[in-house]
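Subject: Structure handover

Hello,

Here is the structure for your files. My notes on what was found in it follow below.

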Amino acid sequence: MTDDEFKVIKSHTERGGAILKHFKSLKNVEEGALYHHERYDGRGYPEGRAGEDIPLIARIICVADSYDAMNSDRVYRKRLSRERVIEEIENGKGKQFDPNIADIMLRLIKNNKLEFDD
């Protein structure tokens with residue numbers, strides 16, 4: 001992917017935030033859309049926020065969106081196994097993911113509260 005193509009892909013956060021700005025039924029949903037690709041370690045986008053500076057809703061969506069991506073077939077790869085998803089979330093704690101939210105997601109997975117198509 002070229003730098004220009006990646007710029008277009010990354011713009012979905014800002015466009016999503018703008019679309020959801022006046023959405024009333026879920027508080028701060030626009031912040032969730034805008035910042036869900038920020039990383040806990042500060043290496044994400046669009047602003048490079050880190051840790052608690054990332055809105056809670058965005059930190060939750062980050063883990064949920066990643067889970068969904070890993071548990072879905074993609075054009076470029078098949079869905080990951082349950083064990084591999086657990087491994088990826090474990091490895092992402094404190095880097096991509098808020099460690100507390102990652103631990104909650106891991107508990108949901110390990111306690112069979114989320115659907116897997118193994």
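M105 is buried, with a relative accessible area of 9%; buried means under 20% relative accessible area, exposed over 50% and partly exposed in between, with a 1.4 Å probe and protein chains only. This is a predicted model, in which local features need pLDDT of at least 70, side-chain atom pairs count only at pLDDT 80 or more, and totals for chains, interfaces and linings use all residues. Residues are numbered from 1 along each chain as its sequence is written, and side-chain values use heavy atoms, with hydrogens and water left out.

M105 sits in helix α6; helices here are DSSP runs of H or I with at least four residues, strands are runs of E with at least two, and numbering starts from the N terminus. Leaving aside residues up to four places away in sequence, M105 touches V63, A64, Y67, I89 and L114, where contact means heavy atoms within 4.5 Å. Between M105 and D3 there are 102 residues in sequence and 32 Å in space, C-alpha to C-alpha.

M105 is also one of the residues that touch the most other members of the largest nonpolar core, which has 15 residues; the others are Y67, V85, I89, F97 and I109. Such a core is a set of buried Ala, Val, Leu, Ile, Met, Phe, Trp, Tyr and Cys residues joined through side-chain atoms within 4.5 Å. Helices α4, α5 and α6 each supply at least two residues of this core. The most comes from α6, with five residues.

Helix packing

Two packed helices are described by the angle between their axes and the distance between the axes. The axes are lines fitted to C-alpha atoms, for helices over the stretch in contact, and the angles run from 0 to 180 degrees between N-to-C directions. Angles under 35 degrees count as roughly parallel, over 145 as roughly antiparallel, 65 to 115 as roughly perpendicular and the rest as oblique.

Helix α5 (residues 82–92) and α6 have axes that come within 10 Å and cross at roughly 165°. The two are therefore roughly antiparallel to each other. The crossing of α5 past α6 is left-handed; that term applies if the near helix is turned anticlockwise from the far one by less than a right angle, and right-handed if clockwise. On the α5 side the contact is made by R82, V85, I86, I89 and E90, and on the α6 side by A102, M105, L106, I109 and K110. By class, these residues are seven nonpolar, no polar and three charged. For the classes, Ala, Val, Leu, Ile, Met, Phe, Trp, Tyr, Cys and Pro count as nonpolar, Asp, Glu, Lys and Arg as charged, and the others, Gly among them, as polar.

The axes of α4 and α6 are 10 Å apart, and the helices pack at an angle of about 40°. That makes α4 oblique to α6. Their crossing is right-handed. From α4, the residues L56, R59, I60, V63, A64 and Y67 take part, and from α6, I101, A102, M105 and I109. This contact has nine nonpolar, no polar and one charged residues.

Loops and backbone

Most residues other than glycine have a negative phi, and most peptide bonds are trans.

- Y45 and P46 are joined by a cis peptide bond, with omega about 20°. P46 is in the loop between α3 (29–35) and α4 (56–70).
- N28 is not a glycine, yet has a positive phi of about 65°. N28 lies in the loop between α2 (12–20) and α3, and counts as partly exposed at 32% relative accessibility.
- N112, also a residue other than glycine, has a positive phi near 55°. N112 is in the segment after α6 (99–110), and counts as exposed at 57% relative accessibility.

G42 lies in the loop between α3 and α4. At 24% relative accessibility, G42 counts as partly exposed. Residues up to four places away in sequence aside, G42 touches G48, R49 and A50. G42 and I61 are 19 residues apart in sequence and 16 Å apart in space, C-alpha to C-alpha.

Regards
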